[in-house]
Amino acid sequence: MREYALDCRIVGVATRRHGGRYDPRGVDVAELDGSGSSTGGTASAAMHIIDRLGQSDAEFRVVVETTTLDIAAGEPAIEHVRAGFAAGCHVITANKGPVAFAYARLRDEAEAAGVSFLFEGAVMDGIPIFNLVRETLPAVTLRGFRGVVNSTTNHVLTALERGEPFDAALARMQAEGIAEADASLDIDGWDAAAKAAALANVLLDARLSPHAVRRIGIQESDGARARQALANGKRLKLVASAMRERDGVVSATVEPVELPSSDILAGLDGKANALVLQTDLLGDLAICQLEGNLTHTAYALLSDLVTIRRRQAQPVAPVRRIL
(Lines give C-alpha, C1' and ligand atoms only; values in the text may rest on other atoms or scores of the structure.)
Protein backbone atom coordinates (compact mmCIF):
# COMPACT_ATOMS: atom_id res chain seq x y z
CA MET A 1 0.00 0.00 0.00
CA ARG A 2 2.99 2.29 -0.39
CA GLU A 3 1.46 4.00 -3.41
CA TYR A 4 -1.30 5.29 -1.10
CA ALA A 5 1.06 6.24 1.76
CA LEU A 6 -0.59 3.62 3.98
CA ASP A 7 1.42 1.72 6.56
CA CYS A 8 -1.33 0.10 8.61
CA ARG A 9 -1.15 -1.62 11.97
CA ILE A 10 -4.08 -3.46 13.54
CA VAL A 11 -3.97 -2.71 17.27
CA GLY A 12 -7.33 -4.08 18.40
CA VAL A 13 -9.87 -6.70 17.39
CA ALA A 14 -13.21 -7.63 18.99
CA THR A 15 -15.19 -10.64 17.81
CA ARG A 16 -18.34 -12.41 18.90
CA ARG A 17 -16.57 -15.74 19.30
CA HIS A 18 -13.29 -14.77 20.92
CA GLY A 19 -13.90 -11.50 22.75
CA GLY A 20 -11.33 -8.78 22.19
CA ARG A 21 -7.62 -8.17 22.10
CA TYR A 22 -5.68 -4.91 22.16
CA ASP A 23 -1.96 -4.33 21.72
CA PRO A 24 -0.62 -0.89 20.72
CA ARG A 25 2.38 -2.61 19.14
CA GLY A 26 0.08 -4.49 16.77
CA VAL A 27 -2.12 -7.59 16.80
CA ASP A 28 -1.16 -10.55 14.63
CA VAL A 29 -4.53 -11.50 13.13
CA ALA A 30 -3.18 -14.91 12.12
CA GLU A 31 -2.89 -15.76 15.82
CA LEU A 32 -6.41 -14.73 16.84
CA ASP A 33 -7.57 -18.15 18.03
CA GLY A 34 -9.23 -17.15 21.26
CA SER A 35 -6.16 -17.54 23.43
CA GLY A 36 -4.11 -14.77 25.03
CA SER A 37 -5.15 -11.40 26.40
CA SER A 38 -8.87 -10.73 26.14
CA THR A 39 -11.02 -7.74 27.08
CA GLY A 40 -14.32 -9.51 27.74
CA GLY A 41 -17.53 -9.90 25.74
CA THR A 42 -18.01 -8.50 22.25
CA ALA A 43 -19.79 -5.23 23.12
CA SER A 44 -17.59 -4.33 26.09
CA ALA A 45 -14.48 -5.46 24.20
CA ALA A 46 -15.30 -3.23 21.24
CA MET A 47 -15.92 -0.19 23.44
CA HIS A 48 -12.74 -0.86 25.42
CA ILE A 49 -10.67 -1.06 22.25
CA ILE A 50 -12.21 2.10 20.79
CA ASP A 51 -11.50 3.94 24.06
CA ARG A 52 -7.87 2.76 24.02
CA LEU A 53 -7.54 3.74 20.37
CA GLY A 54 -8.81 7.23 21.22
CA GLN A 55 -6.00 7.60 23.75
CA SER A 56 -3.37 6.66 21.18
CA ASP A 57 -1.08 9.34 19.78
CA ALA A 58 -1.18 7.77 16.30
CA GLU A 59 -1.69 10.33 13.54
CA PHE A 60 -4.19 8.21 11.65
CA ARG A 61 -6.80 6.31 13.71
CA VAL A 62 -9.64 4.36 12.13
CA VAL A 63 -12.40 2.19 13.61
CA VAL A 64 -13.60 -0.53 11.21
CA GLU A 65 -17.09 -1.73 12.21
CA THR A 66 -18.31 -5.03 10.69
CA THR A 67 -20.83 -6.47 13.13
CA THR A 68 -23.86 -8.24 11.68
CA LEU A 69 -27.06 -6.36 10.88
CA ASP A 70 -29.51 -5.82 13.73
CA ILE A 71 -32.80 -5.17 11.96
CA ALA A 72 -34.55 -3.99 15.13
CA ALA A 73 -32.55 -0.80 15.71
CA GLY A 74 -29.10 -1.08 14.09
CA GLU A 75 -27.31 -1.72 17.38
CA PRO A 76 -24.67 -2.16 18.67
CA ALA A 77 -23.16 -0.89 15.42
CA ILE A 78 -24.54 2.65 15.82
CA GLU A 79 -23.01 3.01 19.28
CA HIS A 80 -19.69 1.63 18.02
CA VAL A 81 -19.69 4.29 15.30
CA ARG A 82 -20.56 7.07 17.75
CA ALA A 83 -17.88 5.90 20.17
CA GLY A 84 -15.38 6.09 17.33
CA PHE A 85 -16.31 9.70 16.61
CA ALA A 86 -16.13 10.59 20.30
CA ALA A 87 -12.64 9.12 20.42
CA GLY A 88 -11.55 11.27 17.47
CA CYS A 89 -11.38 8.34 15.07
CA HIS A 90 -12.49 8.02 11.47
CA VAL A 91 -15.06 5.24 11.09
CA ILE A 92 -15.56 2.75 8.27
CA THR A 93 -18.42 0.25 8.32
CA ALA A 94 -19.79 -2.51 6.11
CA ASN A 95 -22.85 -2.77 8.34
CA LYS A 96 -26.05 -1.40 6.81
CA GLY A 97 -27.59 -0.65 10.20
CA PRO A 98 -25.93 2.69 11.03
CA VAL A 99 -26.73 4.21 7.63
CA ALA A 100 -30.22 2.67 7.45
CA PHE A 101 -31.26 3.79 10.94
CA ALA A 102 -29.24 6.89 11.82
CA TYR A 103 -27.38 8.30 8.82
CA ALA A 104 -28.22 11.99 9.27
CA ARG A 105 -27.31 12.00 12.97
CA LEU A 106 -24.06 10.11 12.38
CA ARG A 107 -23.14 12.30 9.42
CA ASP A 108 -23.55 15.42 11.54
CA GLU A 109 -21.62 13.95 14.47
CA ALA A 110 -18.74 12.98 12.18
CA GLU A 111 -18.69 16.45 10.65
CA ALA A 112 -18.63 18.07 14.11
CA ALA A 113 -15.78 15.79 15.19
CA GLY A 114 -13.78 16.52 12.04
CA VAL A 115 -13.61 12.87 10.99
CA SER A 116 -14.87 10.78 8.09
CA PHE A 117 -17.75 8.30 8.15
CA LEU A 118 -17.60 5.94 5.16
CA PHE A 119 -19.69 2.87 4.33
CA GLU A 120 -19.13 1.76 0.74
CA GLY A 121 -19.45 -1.90 1.72
CA ALA A 122 -22.98 -1.42 3.09
CA VAL A 123 -24.58 -1.82 -0.36
CA MET A 124 -23.36 -4.00 -3.26
CA ASP A 125 -20.10 -4.94 -1.54
CA GLY A 126 -17.16 -3.05 -3.08
CA ILE A 127 -19.00 -1.68 -6.11
CA PRO A 128 -18.80 2.13 -5.90
CA ILE A 129 -22.31 3.45 -5.35
CA PHE A 130 -21.83 6.15 -2.72
CA ASN A 131 -18.39 6.99 -4.16
CA LEU A 132 -19.94 7.35 -7.60
CA VAL A 133 -22.38 10.01 -6.45
CA ARG A 134 -19.99 11.75 -4.06
CA GLU A 135 -17.03 11.99 -6.40
CA THR A 136 -18.37 12.02 -9.97
CA LEU A 137 -21.87 13.53 -10.05
CA PRO A 138 -21.58 17.16 -8.96
CA ALA A 139 -24.64 19.32 -9.69
CA VAL A 140 -26.75 16.24 -10.42
CA THR A 141 -29.96 15.69 -8.45
CA LEU A 142 -31.12 12.15 -7.83
CA ARG A 143 -34.85 11.63 -8.13
CA GLY A 144 -34.90 7.99 -7.16
CA PHE A 145 -33.43 4.56 -7.71
CA ARG A 146 -34.41 0.95 -8.27
CA GLY A 147 -32.31 -2.15 -8.17
CA VAL A 148 -31.68 -5.78 -7.34
CA VAL A 149 -29.48 -5.43 -4.26
CA ASN A 150 -29.71 -8.79 -2.48
CA SER A 151 -27.56 -11.59 -3.94
CA THR A 152 -29.19 -14.40 -1.98
CA THR A 153 -32.74 -13.77 -3.20
CA ASN A 154 -31.60 -13.21 -6.78
CA HIS A 155 -29.75 -16.53 -6.70
CA VAL A 156 -32.77 -18.30 -5.22
CA LEU A 157 -35.17 -16.84 -7.80
CA THR A 158 -32.81 -17.83 -10.62
CA ALA A 159 -32.65 -21.36 -9.21
CA LEU A 160 -36.44 -21.54 -8.89
CA GLU A 161 -36.77 -20.65 -12.59
CA ARG A 162 -34.71 -23.78 -13.33
CA GLY A 163 -36.87 -25.95 -11.15
CA GLU A 164 -34.41 -26.25 -8.26
CA PRO A 165 -35.76 -26.60 -4.70
CA PHE A 166 -36.00 -23.39 -2.66
CA ASP A 167 -34.19 -24.80 0.37
CA ALA A 168 -31.29 -26.17 -1.68
CA ALA A 169 -30.67 -22.82 -3.38
CA LEU A 170 -30.77 -20.99 -0.05
CA ALA A 171 -28.43 -23.53 1.57
CA ARG A 172 -25.90 -22.92 -1.20
CA MET A 173 -25.82 -19.21 -0.37
CA GLN A 174 -25.42 -19.98 3.32
CA ALA A 175 -22.53 -22.36 2.60
CA GLU A 176 -20.75 -19.67 0.58
CA GLY A 177 -21.18 -17.09 3.35
CA ILE A 178 -23.29 -14.86 1.06
CA ALA A 179 -26.57 -15.15 2.97
CA GLU A 180 -27.00 -13.20 6.19
CA ALA A 181 -26.20 -15.03 9.43
CA ASP A 182 -29.98 -15.12 9.87
CA ALA A 183 -31.09 -16.06 6.34
CA SER A 184 -34.64 -14.88 7.02
CA LEU A 185 -33.28 -11.33 6.74
CA ASP A 186 -32.61 -12.07 3.07
CA ILE A 187 -35.69 -14.13 2.26
CA ASP A 188 -38.15 -11.85 4.07
CA GLY A 189 -36.71 -8.78 2.34
CA TRP A 190 -35.21 -7.14 5.42
CA ASP A 191 -31.68 -6.96 3.99
CA ALA A 192 -32.98 -5.29 0.83
CA ALA A 193 -35.14 -2.96 2.95
CA ALA A 194 -32.11 -1.93 5.00
CA LYS A 195 -30.17 -1.24 1.81
CA ALA A 196 -33.09 0.71 0.35
CA ALA A 197 -33.27 2.83 3.51
CA ALA A 198 -29.49 3.38 3.47
CA LEU A 199 -29.52 4.44 -0.19
CA ALA A 200 -32.52 6.71 0.32
CA ASN A 201 -31.03 8.34 3.40
CA VAL A 202 -27.69 9.09 1.76
CA LEU A 203 -28.64 9.77 -1.85
CA LEU A 204 -32.11 11.30 -1.41
CA ASP A 205 -31.63 12.91 2.03
CA ALA A 206 -34.48 10.84 3.43
CA ARG A 207 -35.08 10.00 7.07
CA LEU A 208 -36.14 6.38 6.67
CA SER A 209 -35.51 3.22 8.62
CA PRO A 210 -35.96 -0.30 7.22
CA HIS A 211 -39.28 -0.45 9.06
CA ALA A 212 -40.58 2.45 6.94
CA VAL A 213 -39.90 0.53 3.72
CA ARG A 214 -42.92 -1.30 2.30
CA ARG A 215 -41.62 -4.85 2.19
CA ILE A 216 -42.61 -8.16 0.61
CA GLY A 217 -40.03 -10.95 0.52
CA ILE A 218 -39.90 -14.19 -1.44
CA GLN A 219 -41.08 -17.67 -0.53
CA GLU A 220 -41.10 -21.20 -1.86
CA SER A 221 -44.42 -20.68 -3.65
CA ASP A 222 -42.79 -18.00 -5.82
CA GLY A 223 -41.19 -20.81 -7.82
CA ALA A 224 -44.34 -21.27 -9.91
CA ARG A 225 -44.62 -17.52 -10.42
CA ALA A 226 -40.95 -17.26 -11.47
CA ARG A 227 -41.30 -20.07 -14.01
CA GLN A 228 -44.53 -18.64 -15.40
CA ALA A 229 -42.94 -15.20 -15.75
CA LEU A 230 -40.01 -16.77 -17.62
CA ALA A 231 -42.40 -18.56 -19.96
CA ASN A 232 -44.03 -15.18 -20.67
CA GLY A 233 -40.70 -13.57 -21.55
CA LYS A 234 -40.29 -11.91 -18.16
CA ARG A 235 -38.16 -12.42 -15.03
CA LEU A 236 -39.28 -12.30 -11.41
CA LYS A 237 -36.88 -10.15 -9.34
CA LEU A 238 -36.88 -8.77 -5.81
CA VAL A 239 -36.66 -5.05 -6.56
CA ALA A 240 -35.74 -2.35 -4.05
CA SER A 241 -36.78 1.16 -5.07
CA ALA A 242 -37.27 4.65 -3.73
CA MET A 243 -38.60 7.88 -5.20
CA ARG A 244 -38.98 11.45 -4.08
CA GLU A 245 -42.60 12.47 -4.55
CA ARG A 246 -43.76 15.94 -5.57
CA ASP A 247 -44.37 16.87 -1.95
CA GLY A 248 -40.75 16.04 -1.16
CA VAL A 249 -41.54 12.86 0.77
CA VAL A 250 -39.36 9.87 -0.05
CA SER A 251 -41.07 6.49 -0.19
CA ALA A 252 -39.30 3.14 -0.55
CA THR A 253 -40.44 -0.36 -1.49
CA VAL A 254 -39.04 -3.89 -1.64
CA GLU A 255 -41.15 -6.45 -3.49
CA PRO A 256 -41.01 -9.18 -6.16
CA VAL A 257 -41.69 -7.64 -9.58
CA GLU A 258 -42.15 -9.29 -12.98
CA LEU A 259 -39.84 -7.36 -15.28
CA PRO A 260 -39.81 -7.39 -19.10
CA SER A 261 -36.77 -9.04 -20.64
CA SER A 262 -35.67 -5.64 -21.98
CA ASP A 263 -35.18 -4.31 -18.43
CA ILE A 264 -31.53 -4.31 -17.36
CA LEU A 265 -32.52 -5.76 -13.99
CA ALA A 266 -34.20 -8.71 -15.70
CA GLY A 267 -30.87 -9.84 -17.11
CA LEU A 268 -29.28 -10.41 -13.70
CA ASP A 269 -28.61 -14.08 -12.97
CA GLY A 270 -27.42 -15.81 -9.82
CA LYS A 271 -25.62 -13.51 -7.40
CA ALA A 272 -25.56 -10.52 -9.75
CA ASN A 273 -26.81 -7.15 -8.48
CA ALA A 274 -27.50 -3.83 -10.16
CA LEU A 275 -28.69 -0.36 -9.23
CA VAL A 276 -30.31 2.18 -11.54
CA LEU A 277 -29.97 5.80 -10.43
CA GLN A 278 -32.65 8.12 -11.77
CA THR A 279 -31.19 11.61 -12.26
CA ASP A 280 -32.36 14.99 -13.49
CA LEU A 281 -29.54 15.76 -15.93
CA LEU A 282 -28.17 12.38 -17.02
CA GLY A 283 -31.31 10.27 -17.15
CA ASP A 284 -30.96 6.75 -15.81
CA LEU A 285 -27.48 5.51 -14.84
CA ALA A 286 -26.92 1.82 -14.12
CA ILE A 287 -24.08 0.09 -12.33
CA CYS A 288 -23.89 -3.71 -12.24
CA GLN A 289 -22.11 -6.25 -10.06
CA LEU A 290 -21.95 -9.59 -11.87
CA GLU A 291 -20.49 -11.50 -8.95
CA GLY A 292 -20.37 -10.80 -5.23
CA ASN A 293 -18.31 -12.39 -2.48
CA LEU A 294 -16.59 -11.61 0.81
CA THR A 295 -13.44 -10.42 -0.97
CA HIS A 296 -15.50 -7.65 -2.55
CA THR A 297 -16.76 -6.57 0.86
CA ALA A 298 -13.21 -6.53 2.18
CA TYR A 299 -12.19 -4.40 -0.79
CA ALA A 300 -14.90 -1.86 0.13
CA LEU A 301 -13.26 -1.43 3.54
CA LEU A 302 -9.88 -0.98 1.87
CA SER A 303 -11.22 1.58 -0.62
CA ASP A 304 -12.75 3.61 2.22
CA LEU A 305 -9.43 3.49 4.06
CA VAL A 306 -7.64 4.82 0.97
CA THR A 307 -10.27 7.58 0.64
CA ILE A 308 -9.65 8.73 4.21
CA ARG A 309 -5.88 8.72 3.64
CA ARG A 310 -6.28 10.81 0.51
CA ARG A 311 -8.41 13.30 2.41
CA GLN A 312 -5.68 13.69 4.97
CA ALA A 313 -3.20 14.51 2.24
CA GLN A 314 -5.52 16.81 0.31
CA PRO A 315 -8.64 17.73 2.31
CA VAL A 316 -11.63 18.28 0.07
CA ALA A 317 -15.11 19.36 1.14
CA PRO A 318 -17.39 16.34 0.58
CA VAL A 319 -20.08 16.66 -2.06
CA ARG A 320 -23.67 16.44 -0.84
CA ARG A 321 -22.31 15.89 2.70
CA ILE A 322 -21.78 12.18 2.05
CA LEU A 323 -19.03 11.76 4.64
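Modeller: A residue is called buried when its relative accessible area is under 20%. The model is a predicted one. In helix 9, spanning residues 222-231, the buried residues are D222, G223, A226 and A229.

Biologist: What makes the buried residues of helix 9 line one face of the helix?

Modeller: Viewed down the axis of helix 9, the buried residues fall within an arc of 130 degrees, and therefore they line one face. In general, an α-helix has 3.6 residues a turn, so residues three or four places apart point the same way.

Biologist: Against which elements do these buried residues of helix 9 pack?

Modeller: They pack against helix 5 (151-161), strand 8 (234-244) and strand 9. Helix 9 is followed by G233, which has a positive phi near 80 degrees.

Biologist: Why is K271 called buried?

Modeller: Its relative accessible area is 14%, and the cut-off is under 20%; K271 is therefore buried. K271 lies in the loop between strand 9 (250-260) and strand 10 (273-279). Among the residues that K271 touches are S151, H155, M173 and E176.

Biologist: How do you know that the side chain of K271 makes a polar contact with that of E176?

Modeller: The distance is 2.8 Å, and the definition requires a pair of N or O atoms within 3.5 Å.

Biologist: Why is helix 2 called roughly parallel to helix 3?

Modeller: The axes of helix 2 (residues 77-86) and helix 3 (residues 96-113) cross at roughly 10 degrees. Angles under 35 degrees count as roughly parallel, so helix 2 is roughly parallel to helix 3. The residues of their contact divide into ten nonpolar, one polar and three charged.

Definitions and conventions: Residues are numbered from 1 along each chain as its sequence is written. This is a predicted model: local features need pLDDT of at least 70, side-chain atom pairs count only at pLDDT 80 or more; totals for chains, interfaces and linings use all residues. Side-chain values use heavy atoms; hydrogens and water are left out. Helices (H or I, at least four residues) and strands (E, at least two) are DSSP runs, numbered from the N terminus. Buried means under 20% relative accessible area, exposed over 50%, partly exposed in between (1.4 Å probe, protein chains only). A polar contact is a pair of N or O atoms within 3.5 Å; within protein, one must be able to donate a hydrogen and the other to accept it, and residues adjacent in sequence count only if both atoms are side-chain atoms. Contact means heavy atoms within 4.5 Å. Axes are lines fitted to C-alpha atoms, for helices over the stretch in contact, and angles run from 0 to 180 degrees between N-to-C directions. Angles under 35 degrees count as roughly parallel, over 145 as roughly antiparallel, 65 to 115 as roughly perpendicular and the rest as oblique. Ala, Val, Leu, Ile, Met, Phe, Trp, Tyr, Cys and Pro count as nonpolar, Asp, Glu, Lys and Arg as charged, and the others, Gly among them, as polar. The arc is that of the directions from the helix axis to the C-beta atoms.
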